Structures are given as structure tokens and as C-alpha cells.
Amino acid sequence: SSPRDLGRALCIITGASKGFGRTLALQLSCLLKPRSVLMLVARTTEQLNQLKEDIITLYGGQNQLDVRCVQADLEKKEETSVSEMDHLLLINNAASLGDVSRFALTFTDPVEVNRYLSLNVSGALSLTAGVLQAFPRRLGLRRSVVNISSLCALKPFPSWVLYCTGKAARDMMFRVLAEEEPDVRVLSYAPGPLDTDMQLQARRSSRDLQLRRSFSSMFSEGQLLSCEESGAKLMKLLLDNDYQSGAHLDFYEL
């Protein structure tokens, strides 16, 4: 059977301060071997520092986990040696829903659209490229890249033009990466409808009434998934490590 840890890893999680990213950081920290490095990236540092304390309290003491907080907007290159690491793991989780209170015909300002795509598409590509360049292929180093995807990468949702476009673009970006870099393990994981702030924004603000209604009833009938439940499936995928590189895998298919 496969080992039930992720090795001595350098693990980078974007959007780590809340929601799914925060849960993934907590779940990953107990799967890393001693002297691993966990880099938490987000646009706000306050919640990150709290998360760092929580992780160290829970898991960090006994296995010398090195937890670092990085404010994403600073775009500064972190110096980390990966020579003794056996796993590089990058989780592209940072994302925003965009303005879902409007339909596509209202997005006449390219500056607004570009701002959205800059965070959700360009940022993911340039970070991934930079990380893989900084830690090139070497014998004994497993390199994994995870794209937190969505059903929206495959299916159009009215009033979610920015989000659906961004998720579709990201999926394709990572499929191309999988073709170009056969030694990199690439996974797009769609976590299902999670009970997070983003889901709250979705059911409050979505312009499309039917969408708003279906999200509200999912919420009231307890059909939203907890971040822990969905994160556990991603952890199992990473531990088993037998997915096809570049694949889009959905919580409900696993």
C-alpha cells in the first residue's frame, strides 16, 4: 500500500487564510514528514498568522514543521532550499467569485474583467511557472501541482461569467502543463459546493434567481459539503498518487 504521508515536503497553499485553503493547510500539516516547510500564502496576513499558530499548536511542535506566512501581493521571491526535500506540492486555491450580481452583457469595461482574470488566471499561471522553475526536475523529487477547480470549469452558470471563464481557463492551463511536463503530477480537483463565505456570497448575490434558489435550498437542506469532508478526498488523491496527470476530478466522482 502507498505511504500514508506526503514525505518531507515543501508545500505552498494560496488563499490559505480562510475557507477551503485554511482547511487544506490544517489537513496537510499532519501528513508532512518532520522538517517539512508549509508556506501559507494569502492577501491578508492577520488570519494567516492565526492559522500558523493553530497549526504549530496542533502539529508543529513534535515534528519541527516550518510554517511560513507570505503576503501574496508583495510578489517577493521566498528563498527556500529544496535539496533535502522529496516532495514539492503547490496548491493553487486562491480565487474570487467575481461580481455575480450581473449578467455578461454588463461587463463592458475590460479593466474590470482583466482585474478579475489577473488574480484568478494569470496569477495561478505565473506562480506555478515560477515555483516549478525555482525547483527544477531532479531525481527523487516528486513535484505535484493542484488546481482547485469547479463544476463551473465545465458547465455554464448564468450570472457567473467571470468565475466560469476563469475556472475553464485554469483547467486548460493545467492540462497543457501536464502535457508539457510529464514528470510533474498535475491535478484539477473540483471540491463540490462547500459551506464557505464564497457560497454565502453566491446564494445572496447571484443575479440568476434559479441559481440563488437552488443554492439557498442546498444550504437549508444541509446539502453543502464541509471543507473537511471535501479536503479529505483531496488528501486521499494525493496520498494514493495514481490519478492521471492533468485530470479534472470531482468530489462526487470519487
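These notebook entries record what I looked up in the sheet, the helix packing and the aromatic pairs of a predicted model.

**Entry 1: Ground rules**

I noted that residues are numbered from 1 along each chain as its sequence is written, and that side-chain values use heavy atoms, without hydrogens and water. In this predicted model, local features need pLDDT of at least 70 and side-chain atom pairs count only at pLDDT 80 or more, while totals for chains, interfaces and linings use all residues. Helices (H or I, at least four residues) and strands (E, at least two) are DSSP runs, numbered from the N terminus.

**Entry 2: The sheet**

I looked up the strand order and found an open sheet of 7 strands, S3-S2-S1-S4-S5-S6-S7, with parallel pairing; two strands pair if DSSP finds at least two bridges between them. Strands S3 (66-71) and S7 (247-250) stand at the edges with a single partner strand each, so one side of each lacks a neighbour in the sheet. From one strand to the next, the twist averages 20°.

I then turned to one pairing. Strand S1 (residues 9-14) runs parallel to strand S4 (residues 87-92), and 5 bridges join them. Ile13 stands opposite Ile91 in S4.

**Entry 3: Helices on the sheet**

Helix H1 (residues 19-29) packs on the sheet and touches S1, strand S2 (37-42), S4, strand S5 (142-148) and strand S6 (184-190). The direction of H1 makes about 165° with that of S1. Helix H3 (residues 110-134) also packs on the sheet, touching S1, S4, S5 and S6, and its direction makes about 175° with that of S4. Contact here means heavy atoms within 4.5 Å. Axes are lines fitted to C-alpha atoms, for helices over the stretch in contact, and angles run from 0 to 180 degrees between N-to-C directions.

**Entry 4: H3 with H4**

How are H3 and H4 packed? I found an angle of about 20° and axes 10 Å apart. That makes H3 roughly parallel to H4; angles under 35 degrees count as roughly parallel, over 145 as roughly antiparallel, 65 to 115 as roughly perpendicular and the rest as oblique. Among the residues that meet are Val113, Tyr116 and Leu117 in H3 and Leu162, Tyr163 and Gly166 in H4. By class, this contact has 13 nonpolar, 3 polar and 1 charged residues. Ala, Val, Leu, Ile, Met, Phe, Trp, Tyr, Cys and Pro count as nonpolar, Asp, Glu, Lys and Arg as charged, and the others, Gly among them, as polar.

**Entry 5: H1 with H7**

The axes of H1 and helix H7 (residues 227-240) come within 9 Å and cross at roughly 55°. H1 and H7 are therefore oblique to each other. The contact includes Phe20 and Leu24 of H1 and Leu234 and Met235 of H7. I counted by class 7 nonpolar, 5 polar and 1 charged residues.

**Entry 6: H5 with H6**

Helix H5 (residues 197-205) and helix H6 (residues 209-220) pack at about 130°, with axes 7 Å apart, and are therefore oblique. Gln199, Ala202, Arg203 and Arg204 of H5 make the contact with Arg212, Phe215, Ser216 and Phe219 of H6. These comprise 3 nonpolar, 2 polar and 3 charged residues.

**Entry 7: Aromatic pairs**

How many aromatic pairs does a search of the whole structure find? The search gives 4. Rings of Phe, Tyr and Trp (its six-membered ring) pair if their centres lie within 6.5 Å; planes under 30 degrees apart count as stacked, over 60 as edge-to-face and the rest as tilted. Trp160 and Phe215 form a stacked pair, 5.4 Å centre to centre with 15° between the planes. Trp160 lies in the loop between S5 and helix H4 (161-180) and Phe215 in helix H6, so the pair ties together parts 55 residues apart in sequence.
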